[in-house]
Amino acid sequence: MTQFREKAVLMDDDGIRRALMRISHEVVEKNKGMENLVLVGIRTRGVTIAARIAAEIERIEGRELPRGILDITLYRDDLNELSYQPIVHPTEMPIDITGKTIVLVDDVLYTGRTVRAGINALLDIGRPRMIQLAVLIDRGHRELPIRADYVGKNVPTAAHEDVSVLLRDTDGEEKVIIRERA
């Protein structure tokens, strides 16, 4: 198992809050409101981030935004290379996504493979009118032609570095850190 050591804090709790507030306003502005809009978080941290964005959009617009939870485990292109037995969690989609604008939400955009898996999973559920992507961190190093529509922070990284989003709900603390191999 690769060991990493913390190199720098990229965002603290206030930085995360401000970035998600900005993303929320951008989503509303780009989509001219929230009509036919559905937020879908990719497990695990994408779900928490989507919930926070939804709460802010609900505060702005005054009504609840439909949200879904997407598990992409079975859509990973490295599934047969994993040395452990992956745990598949349920995908929860409370609304028919056909004809809707989906904002797919994740914590870190890196190679683009997680997003590709998310898009494939969404297309198995329905036929959205459009899929947009929101990420807290875009760290570069794309292997697929995927880009985010909404980005909290662009962070140039080296290939030997790792970006970790830690959220109070899942990790007990709130920050984004860059780590490097020890």
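**Figure 1. Surroundings of Val105 in the predicted model.** In this predicted model, Val105 is in contact with Leu39, Val40, Gly41, Ile42, Gly46, Ile49, Ala50, Ile53 and Ala134, when neighbours within four places in sequence are left aside. Val105 and Ile53 are also among the residues with the most contacts inside the largest nonpolar core.

**Figure 2. The nonpolar cores.** The largest nonpolar core contains 29 residues. Those with the most contacts inside this core are Ile53, Val103, Val105, Leu136, Ile137 and Val176. Two or more residues come from each of H1, E2, H2, E4, E5, strand E7 (161–166) and strand E8 (175–181). Which element gives the most to this core? Helix H1 does, with six residues. A second, separate core holds 18 residues, including Leu70, Ile97, Ile102 and Leu133. As a general background, nonpolar side chains tend to be buried together in soluble globular proteins.

**Figure 3. Helix H3 and its buried face.** Helix H3 comprises the 13 residues 113–125. At 1.5 Å a residue, this helix should span 18 Å, and its end C-alpha atoms are 19 Å apart, which agrees. Which residues of H3 are buried? They are Val115, Ala117, Gly118, Ala121 and Leu122. Seen down the axis of H3, the buried residues fall within an arc of 160°, so they line one face of the helix. These buried residues pack against four strands: E2 (37–42), E3 (67–70), E4 (101–109) and E5 (130–138).

**Figure 4. The annotated segment 102–114.** An unreviewed UniProt entry carries the annotation "short sequence motif: PRPP-binding" for residues 102–114. In the model, the end C-alpha atoms of this segment lie 16 Å apart. The segment is 62% strand and 15% helix.

Figure 5. The side chains of Arg113 and Glu143 meet in a salt bridge, with an N to O distance of 2.6 Å. Arg113 lies in helix H3 and Glu143 in the loop between E5 and strand E6 (150–154), so the pair ties together parts that are 30 residues apart in sequence. How accessible is Arg113? Arg113 is partly exposed, with a relative accessible area of 32%. Glu143 also counts as partly exposed, at 47% relative accessibility, because this value falls between the limits of 20% and 50%.

Figure 6. The side chains of Glu35 and Arg63 form a salt bridge, with N and O 3.4 Å apart. This pair links distant parts of the chain, 28 residues apart. Glu35 is in the loop between helix H1 (13–30) and E2, while Arg63 is in the loop between helix H2 (45–61) and E3. Is Glu35 buried or exposed? Glu35 is exposed, because its relative accessible area of 57% is over the 50% limit. Arg63 counts as partly exposed, at 42% relative accessibility.

Figure 7. Asp138 forms a salt bridge with Arg142, and the closest N and O atoms of the pair are 2.8 Å apart. Asp138 is buried, because its relative accessible area of 10% is under the 20% limit. Arg142, by contrast, is partly exposed, with a relative accessible area of 27%. Elsewhere, salt bridges that share partners join Asp13, Arg52, Arg168, Asp169 and Glu174 into one network. The count for the model comes to 19 salt bridges.

Figure 8. Most residues other than glycine have a negative phi, and most peptide bonds are trans. Lys32 counts as exposed, at 76% relative accessibility. Asn36 also has a positive phi, near 60°, and lies in the loop between H1 and E2. Asn36 is partly exposed, with a relative accessible area of 39%. What is the form of the peptide bond from Arg43 to Thr44? This bond is cis, with omega near 10°. Thr44 has its place in the loop between E2 and H2.

Notes:
Residues are numbered from 1 along each chain as its sequence is written. This is a predicted model: local features need pLDDT of at least 70, side-chain atom pairs count only at pLDDT 80 or more; totals for chains, interfaces and linings use all residues. Side-chain values use heavy atoms; hydrogens and water are left out. The expected span of a helix is 1.5 Å times one less than its number of residues. Buried means under 20% relative accessible area, exposed over 50%, partly exposed in between (1.4 Å probe, protein chains only). The arc is that of the directions from the helix axis to the C-beta atoms. Contact means heavy atoms within 4.5 Å. UniProt positions are given in the numbering used here, feature names are shortened, and annotations may be inferred rather than shown by experiment. A salt bridge is a side-chain nitrogen of Lys or Arg within 4 Å of a carboxyl oxygen of Asp or Glu. A nonpolar core is a set of buried Ala, Val, Leu, Ile, Met, Phe, Trp, Tyr and Cys residues joined through side-chain atoms within 4.5 Å.
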